[in-house]
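Please work through each task before reading its solution.

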Amino acid sequence: MIDIREIKTIEQLEQVQQLEYNIWGMPSIPIHQTLTAVKNGGIVVGAYDGEKLVGFSYGFSGFREGKSYLCSHMLGIAENYRSQGIGEKLKYAQQAIAIERGYDLMVWTFDPLETRNGYLNLSKLNGICYTYIENCYGEMQDGLNKGLPSDRFEVSWYIASDYVNKSVSIDAKNAIPVAICVQNEQGFLHLEITENLKYNSVLYTLPVPKDFQALKLQDPTLALDWRFKTRRLLQQLFAQGYAAVQLQQQENYNEYVLVKLETLGLEGAKQYENNGIYH
């Protein structure tokens, strides 16, 4: 039985620090930073199996262009506890606390080619993405990120909105693909850009790999090709006012569904500088 609790004490944050290191193998965030965040508008929640911390979500207060929000910076689950819905539970717990404390927006980043994260963030939580950040964290050296630019989607989760809380559905059956997956001689899928990107459709779709980490191990050059091609297409779509709203699972690949941001009825949702493209 997994128990979700808010984390506030130094002892609890020490557990978070150890779990963070176990997951990513990089130096953990110092306790003095996480404790200061908790005392100044930040929210940390943990998933416990008995008294053992097996997952956490860490967020701190953010502010941009006159708008305050919760920046949910890290979410990590111990390896043996993944794919059990714990990440979703942590986010919903963080959402409830955030609303209670006056937030109506949470933001965080994830790699757009890591589709397990995309499915959670968009299809399950009803977050949306309309900001693309090139090489967000520079050249990272951990196992998940090493060897590729650390491009990121920024998720905007309008936690008090009808779009999130009433689960507004998007019917993507008439969406137009901006690219297609083609199998190469080695049996791997690569991305072939079509001529369908006219910026006049209500819906577009963009294919992405089912398992990007496996692809990166098998063919690093092809993985880099996916990074650069999807980067260019997503930047173009975001610049024209589209937002990624779903991650759908197909037989051999997954695909993002993108719609016009203005059609979602999200008061206060707007693209920031450079039309949602950060460098």
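**Exercise 1.** Determine how many cavities of 30 Å³ or more there are in this predicted model, and state the volume of the largest cavity.

*Solution.* Rolling a probe the size of a water molecule over the atoms shows where empty space is left. In this model, the count comes to 2 cavities of 30 Å³ or more. The volume of the largest cavity is about 50 Å³.

**Exercise 2.** Describe the lining of the largest cavity by residue, by element and by class.

*Solution.* Step 1: the lining consists of Leu13, Val16, Gln17, Glu20, Ile29, Ile31, Thr34, Phe56, Tyr58 and Met74.
Step 1: at least two lining residues come from each of helix 1 (10–24), helix 2 and strand 3 (52–64). Helix 1 provides the largest share, 4 residues.
Step 2: sorted by class, the lining comprises 7 nonpolar, 2 polar and 1 charged residues.

**Exercise 3.** Is threonine 34 buried or exposed, and which residues does threonine 34 contact beyond its neighbours within four places in sequence?

*Solution.* Step 1: locate threonine 34 in helix 2 (residues 31–39).
Step 1: its relative accessible area is 6%. Buried means under 20%, so threonine 34 is buried.
Step 2: with neighbours within four places in sequence set aside, threonine 34 is in contact with Leu13, Ile29 and Tyr58. Leu13, Ile29 and Tyr58 are also among the residues that line the largest cavity, as is Thr34.
Step 3: a polar atom of the threonine 34 side chain lies 3.1 Å from the backbone oxygen of isoleucine 31.

How values were computed. Residues numbered from 1 in each chain as written. Predicted model: local features only at pLDDT ≥ 70, side-chain atom pairs only at ≥ 80, totals over all residues. Heavy atoms only, no water. Buried < 20%, exposed > 50% of the residue type's maximum accessible area, 1.4 Å probe, protein only. Polar contact = N/O pair within 3.5 Å; in protein donor to acceptor, adjacent residues only side chain to side chain. Contact = heavy atoms within 4.5 Å. 1 Å grid on protein atoms, 1.4 Å probe; cavity = no way out; pocket = protein on both sides within 12 Å on 5 of 7 lines; lining within 4 Å. Points joined across faces, edges and corners; volume = space filled by probe spheres on them. Nonpolar A, V, L, I, M, F, W, Y, C, P; charged D, E, K, R; others polar.
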